[in-house]
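Try each task with the structure in view before turning to its worked solution.

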Amino acid sequence: MPRQYQYGFANEFATEALPGALPRGQNSPQHAPYGLVSELVSGTSLAAPRAQNRRSYLFRIRPSTGTHAFTPFALDNFQTPPLAIAPYPGALRWGPFPLGEAECDFLDGIETVAANGSPGGHAGMALHIYRATRSMEGRVFSNGDGDMLMLPQQGALSIVTELGVIDVAPGEFALLPKGLKFRVDLTGAEARGFICENYGLPFVLPDLGLIGSHGLANSIDFMTPVAAFEDSDVACTLIHKFAGNFWSADIGYSPFDVVAWRGNWAPCKYDMRNFAVIGALSHDHPDPSIFCALSSPSDAVAGGNVDFMILPPRWVVAEHTFRPPGFHRNAVAEILGLIEGSHDARSSDFAPGSMSLTNNWVAHGPDTRTFEVARTAPLEPRYDNDTLVFMLETRFPLQLTRRAMEAGNRRVNCAQTWAGFTKRFPGG
Ligand SMILES: [Fe+2]
């Protein structure tokens, strides 16, 4: 299947894998080209405002209706709120999650760390780790609960979807809309990464306000696959997540049979090194909201359902200032993950693949060693080349899974990184 892309975020795309497969002038002709059937997917309320409405017309070999019956299915580590552990009011940190010794595909390798809200309430999110040592074989997944923002940290993925194929590697993310059928193939020996499952409103590009018409994540840098299809009568199993439960159904053909489609309900990918950073050019640093790439809106005052931030390589030039992120407390909860390099507020024990979680009102900031170095460091302009960090901010307190709290890679003494603070008052 071809790897070609169209550019833009949730644009009005139109793509056909065979010439003339897209009907001209209408979406539901009496006879569609090539004997295809027309199927509408509405990702939002039918009458949602035009700017937020997400829908696509799919022209496929068979409709998604089928004679199959769903039976309950178990994926014990892929969890949905309520989780076992109440929101923890202190700092939490994990080293890289080990790849493990058992062979697993992407779906078996999903393990939930934290979550809030509920899919049925259309609010909240979950943070999962995924690990895989082989491609998904003979099975396909669709998530009726949330969009999936997938962040490879190790190993590349080839994501075969109803609407085309997305190749995604560390440094990029893929965004798959709720309800899309897909399969994850590995291109190397193993893969690991993070997933944000968004139960709330679909992600949008944030408004730029006084920044103007360009900056942060520009729409033109998002890549959406062109139509690609399989005409296969080989049976496969569809695994569907719905209302926190998993169901399976055997279907007698490949569901990746969409020959052409048009609309703006579509998966996409984005290279995080294309993020156009807005930063401090004088003497202080702004809030990290300047790193927001995507937002699932909720409340303008209380906080977003989930905001996704990117901190890529960038120049650091501010003078007469404390340059690393300072000490702070937030009304919203925050998850931080390291894709590559290091993070400028963590001086040790935070290798790529590590993550931290600070619930609402948890005080955090530079560890003691970072603080001591940064308060006297010469402030020459420098380029921080070796870093790629993502952050998720969500207004709702994050519950935790028992497995995450008992994981061997959890840094149970992470608060000690702030020990040894030197009281200098009333000196200088
Ligand atoms: Fe923070």
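## Exercise 1: The chain as a whole

In the protein chain, buried residues make up 42% of the 428 residues. The model examined here is a predicted one.

**Task.** Work out how the radius of gyration of the protein chain stands against the value for a compact globule with 428 residues.

**Solution.** Begin with the elements: the protein chain holds two helices and 28 strands. Next, take the extent of the C-alpha trace, which spans about 85 × 45 × 40 Å along its principal axes. A compact globule with 428 residues would have a radius of gyration near 22 Å, and the protein chain, with 22 Å, agrees with this. Finally, turn to the contacts between residues at least 6 apart in sequence, of which 79% join residues at least 24 apart.

## Exercise 2: The largest nonpolar core

**Task.** Identify the residues with the most contacts inside the largest nonpolar core, and then list the contacts of Ile159 beyond its neighbours within four places in sequence.

**Solution.** In soluble globular proteins, nonpolar side chains tend to be buried together. The largest nonpolar core in this model has 99 residues, and those with the most contacts inside it are Leu149, Ile159, Ala227, Ala293 and Phe308. Strand β8 (residues 125–132) gives the most to this core, with six residues. Setting aside its neighbours within four places in sequence, Ile159 is in contact with Val165, Ile166, Val168, Ala174, Phe182 and Val184.

## Exercise 3: A mostly covered strand

**Task.** Determine how many of the residues of strand β27 (residues 387–394) are buried, and how β27 pairs with β22 and with β24.

**Solution.** Strand β27 is mostly covered, since six of its eight residues are buried. Strand β22 (residues 306–311) runs antiparallel to β27 and is joined to it by five bridges; in this pairing Asp307 stands opposite Glu393. Between β24 and β27, which also run antiparallel, there are eight bridges, and Glu340 stands opposite Leu388.

## Exercise 4: Loop residues and backbone angles

**Task.** Is Glu319 exposed, partly exposed or buried, and which cis peptide bonds and positive phi values can be located in the chain?

**Solution.** Start with Glu319, in the loop between β23 (314–316) and β24 (333–341). Because 13 other C-beta atoms lie within 10 Å, Glu319 is partly exposed. Apart from its neighbours within four places in sequence, Glu319 is in contact with His283 and Leu379, while its C-alpha atom is separated by 8.1 Å from that of Glu380, 61 residues apart along the chain.

Most residues other than glycine have a negative phi, and most peptide bonds are trans. Yet His320, in the loop between β23 and β24, has a positive phi near 50°, and His320 counts as exposed because it has 8 C-beta neighbours inside 10 Å. Ala243 likewise has a positive phi, of about 55°; Ala243 lies in the loop between β17 (236–242) and β18 (245–251), and its 11 C-beta neighbours inside 10 Å make it count as exposed.

For the peptide bonds, the one from Pro81 to Pro82 is cis, with omega near 5°, and Pro82 is found in the loop between β5 (71–73) and β6 (91–94). A cis bond also joins Phe425 and Pro426, with omega about 5°, and Pro426 lies in the segment after α2 (402–406).

How values were computed
Residues numbered from 1 in each chain as written. Predicted model: local features only at pLDDT ≥ 70, side-chain atom pairs only at ≥ 80, totals over all residues. Core = buried A, V, L, I, M, F, W, Y, C linked by C-beta atoms within 7 Å. Buried ≥ 20, exposed ≤ 12 C-beta atoms within 10 Å, placed from the backbone. Helix = DSSP H or I, 4+ residues; strand = E, 2+ residues; numbered from the N terminus. Contact = placed C-beta atoms within 7 Å. Rg over C-alpha atoms; globule rule 2.2 N^0.38 Å. Pairing = 2+ DSSP bridges.
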